[in-house]
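This report covers one protein chain, from its overall composition down to selected residues. Please view the sequence and the model together while reading.

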Amino acid sequence: MPRGPIDITVPDLTGKRAVVTGASDGMGLGMAARLAAAGAEVIIPVRNQRKGEDAIAKIRHAAPGADVSLRSLDLSSLDSVAALGDALREEGRPIHLLINNAGVMRPPNRQTTADGYEIQFGTNHLGHFALVGRLLPLLRAGRARVTSQVSVAARRGAINWEDLNWELSYHGMRAYSQSKIAFGLFGLELERRSKAHGWGITSNLSHPGIAPTSLLAARPELGRTQDAPQMRLIRALSARGVLLGTVETATLPALMAATDPDAERGVLYGPSGPGNLGGPPAAHRLYPPLRSEEEAARVWQASEQLTKVSFSTS
């Protein structure tokens, strides 16, 4: 059956400064474009300058006069994260919206970040953890809403505390689930600590369901020279409107979580269709691996130790 239109209203964001990671293509590009069209100044931190420039051109074509600019960021390098934090703090302007969207998924073999961490854990979780910590003064100044993008993969699995770095044995999908569970626990703990310490930050979570995004597409930088086998099925189901979302609808939960005036703190937003794989965005009950406050505090402590980034409580 043909798919009916699915969309949300993004409110006027004039005067707001927004940062969207992973916005050089796919869902992140769609999010950045919608924020810019709503009047926000949008910063796109990218690893690949050429892709970033192409993204800016697409946004300005869709929204002439859009206020959008590039910065350099490689989330798999804590030095790069620190450099971006330094650069934005030097600019001294408050950040009002931060969408932590970038991620990598299931490289064909175990790989590590510049700092020696398993690449999914290091990029999806630790890189973003460090980024939020580095930007904390600007987020506090903007009384920011921070939305962290997790995954249906956070529905099951656990933190592999005996081997966080997957050095003893490696399972790509379990490592991916761990990265998204850790990241979700961090986003929820950020909300609790903001309340406890009066940071003024609102933190919530989103997930895109399943759609034909670039996560499982060919990624030569990860050693994946062809699309993952699942991509053909995902594209076919998405095109037919069966169960899954599109790249466009997959942006909506994060946009709702980040911009809707009624979006709640400490809540997970995602598609509301069967299995939460597609459909209009809505609030969800937290997945079981995300519900433990003790586990979240443990993730926070480990992340501070691994990244050497501490969040000031003053």
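Does tryptophan 166 count as buried or exposed, and at what relative accessibility? Tryptophan 166 has 7% relative accessibility and therefore counts as buried, where buried means under 20% relative accessible area and exposed over 50%, with partly exposed in between (1.4 Å probe, protein chains only).

## Basis of the model

This is a predicted model, in which local features need pLDDT of at least 70, side-chain atom pairs count only at pLDDT 80 or more, and totals for chains, interfaces and linings use all residues. Residues are numbered from 1 along each chain as its sequence is written, and side-chain values use heavy atoms, with hydrogens and water left out.

## Chain overview

The protein chain has nine helices and eight strands; these are DSSP runs numbered from the N terminus (helices H or I, at least four residues; strands E, at least two). Of its 314 residues, 55% count as buried.

Among contacts between residues at least 6 apart in sequence, 73% join residues at least 24 apart, a contact being heavy atoms within 4.5 Å.

## Helix 1 and helix 8

Helix 1 (residues 26-37) packs against helix 8 (residues 252-259) at an angle of about 40°, and their axes are 10 Å apart. Axes are lines fitted to C-alpha atoms, for helices over the stretch in contact, with angles from 0 to 180 degrees between N-to-C directions. The two helices are therefore oblique to each other (under 35 degrees is roughly parallel, over 145 roughly antiparallel, 65 to 115 roughly perpendicular, the rest oblique). Met31, Arg34 and Leu35 of helix 1 make the contact with Leu252, Ala254, Leu255 and Thr259 of helix 8.

Helix 8 is mostly covered, with eight of its eight residues buried.

## Selected residues

Histidine 125 is located in helix 4 (residues 119-141) and counts as buried because its relative accessibility is 0%. Beyond neighbours within four places in sequence, its contacts are Gln120, Ser179, Ala182, Phe183, Phe186, Val299 and Ser303.

Arginine 143 sits in the loop between helix 4 and strand 5 (145-149), and at 61% relative accessibility it counts as exposed. Tryptophan 166 is in the loop between strand 5 and helix 5 (172-197).
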